[in-house]
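Please read it alongside the sequence and the structure shown below.

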Amino acid sequence: MNRPVTEQDFRKPEFRGQKPEDYEFREDGAVVRKDRWQTAIHRIRCTVGPKGREFEIVDVVKAVERLAGNWQDAEPDEDPVHQTIDLRLSCGTVLARCERGPAPAPFTCHWQFGAIDFTSKDFGADVIEWQESPPPPAEQI
């Protein structure tokens, strides 16, 4: 190269040509964009919805919550009152739409596809998380 060295040549590539007023120091000392939160929420919205130019942050949060689920830690003394729940096992497997046994009997949850029953003794051991099952898609009702 036959050009003179400039101040830009000493900058990290990610900061070359950028304006210092668009950046700030984070608590840990890293230099970060000031608009990183706004940029992130737009990227998340583009991924999970809602679609369109106008949106509310609360709608983006609801879309993320639907995707992530409402998982709760499974405790042995717990008795979920929902008719159908999803179970996450310690191996990472998720068993969807486990049906609760009759109410007067001790808590039992039956997964029909594997003919497996879970009780409160399984909560906190094999069953590490649970959530209320989302409603089935309309075509399955």
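The points that follow are grouped by topic, from the whole chain down to individual residue pairs.

The model is predicted. Its chain contains two helices and eight strands, and its radius of gyration is 25 Å, well over the 14 Å given by the globule rule for 141 residues, so the chain is more spread out than a compact globule.

**Fold and dimensions**

- In sequence order, the elements follow the pattern β-β-α-α-β-β-β-β-β-β.
- Taken along the principal axes, the box filled by the C-alpha atoms is roughly 80 × 35 × 30 Å.
- Of the contacts between residues at least 6 apart in sequence, 39% join residues at least 24 apart.

**Burial and surface**

- Buried residues account for 21% of the 141 residues in the chain.
- The accessible surface of the chain is about 10700 Å², and carbon and sulfur atoms contribute 55% of this area.

**Charge**

- The chain carries 19 positive and 26 negative side chains.
- The centres of these two sets are 11 Å apart.

**Salt bridge between Glu-24 and Arg-36**

- Glu-24 is paired with Arg-36 in a salt bridge whose closest N and O atoms lie 2.9 Å apart.
- This pair links distant parts of the chain, with Glu-24 in strand 1 (residues 23–25) and Arg-36 in helix 1 (residues 36–48), twelve residues apart.
- Glu-24 has a relative accessibility of 32% and therefore counts as partly exposed.
- Arg-36 is likewise classed as partly exposed, because its relative accessible area is 27%.

**Salt bridge between Asp-28 and Arg-26**

- A salt bridge joins Asp-28 to Arg-26, with 2.8 Å between the closest N and O atoms.
- Asp-28 has a relative accessible area of 56%, and a residue over 50% is exposed, so Asp-28 falls in that class.

**Salt bridge between Arg-33 and Asp-35**

- Arg-33 forms a salt bridge with Asp-35, and the closest N and O atoms of the pair are 2.8 Å apart.
- Arg-33 counts as partly exposed, with a relative accessibility of 31%.
- Asp-35 also counts as partly exposed, at 28% relative accessibility.

Methods
Residues are numbered from 1 along each chain as its sequence is written. This is a predicted model: local features need pLDDT of at least 70, side-chain atom pairs count only at pLDDT 80 or more; totals for chains, interfaces and linings use all residues. Side-chain values use heavy atoms; hydrogens and water are left out. Helices (H or I, at least four residues) and strands (E, at least two) are DSSP runs, numbered from the N terminus. The radius of gyration is taken over C-alpha atoms; the globule rule is 2.2 Å times the number of residues to the power 0.38. Buried means under 20% relative accessible area, exposed over 50%, partly exposed in between (1.4 Å probe, protein chains only). Contact means heavy atoms within 4.5 Å. Accessible areas come from the Shrake-Rupley method with a 1.4 Å probe; for residues, only the protein chains shown count as cover. Lys and Arg count as positive and Asp and Glu as negative; His and the chain ends are not counted. The place of a charge is taken as NZ of Lys, CZ of Arg, CG of Asp or CD of Glu. A salt bridge is a side-chain nitrogen of Lys or Arg within 4 Å of a carboxyl oxygen of Asp or Glu.
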